[in-house]
Amino acid sequence: FDSGTYASHGLVLQRTGGTWRRSATPQVSATEWFMAVDATGPADAWVVGSGTRGGDTISSTPIALRWNGSTWTSLPPPNPGYAGLSAVEAIAPNNVWVAGRVQTEINGMQPYIAQFNGTSWRRVATPAIIGGGQLSDIVALSPTNILAIGTGGSGGRSIVLHWNGSTWT
């Protein structure tokens, strides 16, 4: 607590030699929430979540941090506005998927998915969900068979999206 403002830094713990230790991550937002972690190996891990600017609880930005075996680096996916991440699926160092939500002017809160190709991110189009929605998890059965789940619409109905290697349905 500092002069009436609240700041929170995400926490990552690493198990080494039978004990847990805090793994230092860069603080990329005034307030951060880490929601998911995945890894392809000891020198390639990802942590994702969302953050806000100092004292601004209305905006949200997606956070993606990558571990290279010794340090964390911020590699944020495209931020089309109010967006946040809640899931990550690291298939390979050059094939990482993140999922969450984005606020749109036309359709309200909608699913958000982006893919990292080892060099850069690209946002991947998802179907618009009538009544709005957001994703909470993503899992790859293969690079061409990926499922993302979440909730949306009135009553919190389930959302299931499927990637066939070229589009989400």
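This briefing describes the pocket, the salt bridge, the surface patch and selected residues of one structure. The model is predicted: local features need pLDDT of at least 70, side-chain atom pairs count only at pLDDT 80 or more, and totals for chains, interfaces and linings use all residues. Residues are numbered from 1 along each chain as its sequence is written, and side-chain values use heavy atoms, with hydrogens and water left out. Strands are DSSP runs (E, at least two residues), numbered from the N terminus.

**Largest pocket**

- The largest pocket holds about 240 Å³ of space.
- Two or more lining residues come from each of β1, β3 (31-41) and β4 (44-52).
- Strand β3 provides the largest share of the lining, namely five residues.
- A pocket is defined on a 1 Å grid over the protein atoms alone, as an open set of points where a 1.4 Å probe fits, with protein on both sides within 12 Å along at least five of seven lines; lining residues have an atom within 4 Å of a point.
- Grid points are joined across faces, edges and corners, and the volume is the space filled by probe spheres set on the points.

**Salt bridge**

- The count comes to one salt bridge, a term that requires a side-chain nitrogen of Lys or Arg within 4 Å of a carboxyl oxygen of Asp or Glu.
- R66 forms a salt bridge with D44, and the closest N and O atoms are 2.7 Å apart.
- Because R66 lies in strand β5 (residues 61-67) and D44 in strand β4, the pair ties together parts that are 22 residues apart in sequence.
- R66 counts as buried at 17% relative accessibility, and D44 counts as buried at 5%; buried means under 20% relative accessible area, exposed over 50%, and partly exposed in between (1.4 Å probe, protein chains only).

**Surface patch**

- L11, L13 and W20 make a nonpolar surface patch of about 350 Å².
- Patch residues have over 30% relative accessible area and no salt bridge, and nonpolar side chains (Val, Leu, Ile, Met, Phe, Trp, Tyr) are joined within 5 Å.
- The areas come from the Shrake-Rupley method with a 1.4 Å probe, and for residues only the protein chains shown count as cover.
- L11 is found in the segment before β1 (13-16).

- S23 is placed in the loop between β2 (19-22) and β3, and counts as buried at 2% relative accessibility.
- Contact means heavy atoms within 4.5 Å; leaving aside neighbours within four places in sequence, S23 is in contact with V12, Q14, W67 and W72.
- S23 and V12 are 11 residues apart in sequence, with a C-alpha to C-alpha distance of 5.5 Å.
- G51 belongs to strand β4 and is buried, its relative accessible area being 1%.
- G51 and E32 are 19 residues apart along the chain, and their C-alpha atoms are separated by 4.3 Å.
- A99 lies in strand β8 (residues 95-104) and counts as buried at 0% relative accessibility.
- Beyond neighbours within four places in sequence, A99 is in contact with L85, S86, A87, Y112, I113, L135 and I138.
- The C-alpha atoms of A99 and N164 are separated by 16 Å, and these residues are 65 apart along the chain.

**Partly exposed residue I149**

- I149 is found in strand β12 (residues 145-152) and is partly exposed, with a relative accessible area of 40%.
- Apart from neighbours within four places in sequence, I149 is in contact with L135, S136, D137, I159 and V160.
- I149 and W168 are 19 residues apart in sequence and 12 Å apart in space, C-alpha to C-alpha.

Technical notes:
Patches are made of residues with over 30% relative accessible area and no salt bridge: like charges are joined within 9 Å, nonpolar side chains (Val, Leu, Ile, Met, Phe, Trp, Tyr) within 5 Å. Helices (H or I, at least four residues) and strands (E, at least two) are DSSP runs, numbered from the N terminus.
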